[in-house]
Amino acid sequence: MKVRDLTVMALLGAVLYVGQVGMAFLPNIEVVSVLILVYTLTLGRKALFPVSAFILLEGTTFGFGLWWFTYLYIWYVWYLAVRLMRRNESVLMWAAAAGFYGLSFGALCAIPYLFAGGTGAALAWWTAGLFFDILHCAGNFVTTLILYRPLMRVMAYIKEALD
């Protein structure tokens, strides 16, 4: 990978981080999901670099607690889901997929609690956050509807500069 590519990947990871931290005052409303969606569609496997940088930045900022271990797989699950559906070009379908991902976020985050505390702990974790998962679903749906096309245009320009 060229120095320019590496620099752009690091900056895209920083954009993920700033987007998440900058919107932290809103409960489960974020741009990370739509950014990873757009990065994955335009960059393919190279999207793993900014996603990994984002995960590392989250851990170094907020600590490497049990919650952070979910980030070691949860954003890659979204990346893989997008890769599997990459041939789709419908904004509405991507908004629905992002919404579903937001709705399932709490269930996916409950997995480490299953191993750490058993079924009761995982179920308690998941059900306690259902309201926030619903907000996450709605937020992902709306942000994807609004930002998908403009972000795809920006990423097409960035990809062209990388090629």
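Predicted model: local features only at pLDDT ≥ 70, side-chain atom pairs only at ≥ 80, totals over all residues.
Helix H1, which spans residues 3-22, packs against helix H8, which spans residues 130-162; the two axes come within 10 Å and cross at roughly 155°. Because angles over 145 degrees count as roughly antiparallel, H1 and H8 are therefore assigned a roughly antiparallel arrangement. On the H1 side, the contact is formed by Arg4, Asp5, Val8, Met9 and Leu12, and these residues meet Met155, Ile158, Ala161 and Leu162 of H8. Sorted by class, the residues in the contact of H1 with H8 comprise 7 nonpolar and 2 charged residues, with no polar residue.

Asp5, one of the H1 residues that meet H8, also takes part in a salt bridge with Lys46, in which the side chains are 3.7 Å apart from N to O. The count of salt bridges in the model is 1. This pair joins distant parts of the chain, the two residues being 41 residues apart. Asp5 lies in helix H1, whereas Lys46 is located in the loop between helix H2 (32-43) and helix H3 (48-62).

Helix H8 also contributes to a surface feature. Leu92, Val142, Leu145 and Ile146 make up a nonpolar surface patch of about 370 Å². The greatest contribution to this nonpolar patch comes from H8, with 3 residues. Ile146, one of the patch residues, is located in helix H8.

Conventions
Residues numbered from 1 in each chain as written. Heavy atoms only, no water. Axes fitted to C-alpha atoms, helices over the stretch in contact; angles between N-to-C directions. Helix = DSSP H or I, 4+ residues; strand = E, 2+ residues; numbered from the N terminus. Parallel < 35°, antiparallel > 145°, perpendicular 65-115°, else oblique. Contact = heavy atoms within 4.5 Å. Nonpolar A, V, L, I, M, F, W, Y, C, P; charged D, E, K, R; others polar. Patch = residues over 30% accessible without salt bridge, like charges linked within 9 Å, V, L, I, M, F, W, Y side chains within 5 Å. Areas by Shrake-Rupley, 256 points an atom, 1.4 Å probe, with all protein chains shown as cover. Salt bridge = Lys/Arg side-chain N within 4 Å of Asp/Glu carboxyl O.
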